[in-house]
Amino acid sequence: MAVGSPLAAFRGHTLADQMAAPLMNRVDTKYLVPVRMLEPCLRGLESNYTVLELDGCRRFTYDTLYFDTPERRLYLDHHNGKLNRFKLRIRHYRETGESFLEVKKKNNRQRTVKNRVPLTPHTCADRQVPAFLEEQLGLPVARMLPALFVCYQRVTLMNRRGTERITLDTGLSFRSPDGEQAVNLPDVAVIEIKYHRKTPASAFAERLGALGCRPVPFSKYCVGTGLLFGHQLKTNRFKPLLRSLHGIGC
């Protein structure tokens, strides 16, 4: 990953530091850039941000399984621009071994609200998972099926006040649940700035603007679904984004 060298200048922060500023109710701004641009994006910002570090590791692997209905209702809700939509997924952190069932909601004010429950023998045995889903979604999920596997590596930065978090995702790969179809994006980096709406100007966003990068709507689930199953589903809303991926190196 191209960010290894510039990250050496950043001080580390712990997972406890990061959990103290969870940003579960936030505004997200995303950017799509070539991996080669990460170094100029990071250079000189070490006084503004720290980087998540666990046991000397600063890059972590995320495995995510998204669920949807057989007719891909959640994908189509996003494609059709429906407000108050949600995604349902299981996220596994390889380095720590933890897994969570997550509901990620986008409300009609464009705020992202994420809630989750750990997947452990205890939470599964005492029916915390069904109770969580009923509370979060208010609808039956019996028809939800595995829809897409996504894997990537993530570096996480946090500003000194804990009011802004930057994630740098690289090595994206998408796979169908049966494993028969796959797409890899080795040359693409997804940068996401997560912040409280009242957060002061972002040094990272200013750097991206100076480099000519502009925000883009980007959903890993929708992009992966479009790349793998676009011949079966509507993709009109995502076509410009899918074309830009081919321009970067897809």
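This is a predicted model: local features need pLDDT of at least 70, side-chain atom pairs count only at pLDDT 80 or more; totals for chains, interfaces and linings use all residues.
Local features require pLDDT of at least 70 and side-chain atom pairs pLDDT 80 or more, while totals for chains, interfaces and linings use all residues. Residues are numbered from 1 along each chain as its sequence is written, and side-chain values use heavy atoms, without hydrogens and water.

Thr 50 lies in strand β3, residues 49-52 (strands are DSSP E runs of at least two residues, helices H or I runs of at least four, numbered from the N terminus). Thr 50 is buried, at 9% relative accessibility (buried means under 20% relative accessible area, with a 1.4 Å probe and protein chains only). Its side chain makes a polar contact of 2.8 Å with the side chain of His 13 (here, N or O atoms within 3.5 Å, one able to donate a hydrogen and the other to accept it).

The structure holds 6 aromatic pairs (ring centres of Phe, Tyr or the six-membered ring of Trp within 6.5 Å; planes under 30 degrees apart are stacked, over 60 edge-to-face, the rest tilted). Tyr 62 and Tyr 93 pair edge-to-face, at 4.9 Å and 65°. Tyr 62 belongs to strand β4 (residues 60-68) and Tyr 93 to strand β5 (residues 85-93), so the pair ties together parts 31 residues apart in sequence. Tyr 62 is buried at 8%, and Tyr 93 at 14%. The rings of Tyr 66 and Tyr 221 are stacked, with centres 5.1 Å apart and planes at 25°. This pair links strand β4 to helix α8 (residues 220-229), across 155 residues. Tyr 66 and Tyr 221 are buried.

Tyr 62, Tyr 93, Phe 100 and Tyr 152 form one aromatic cluster.

Methods. Buried means under 20% relative accessible area, exposed over 50%, partly exposed in between (1.4 Å probe, protein chains only).
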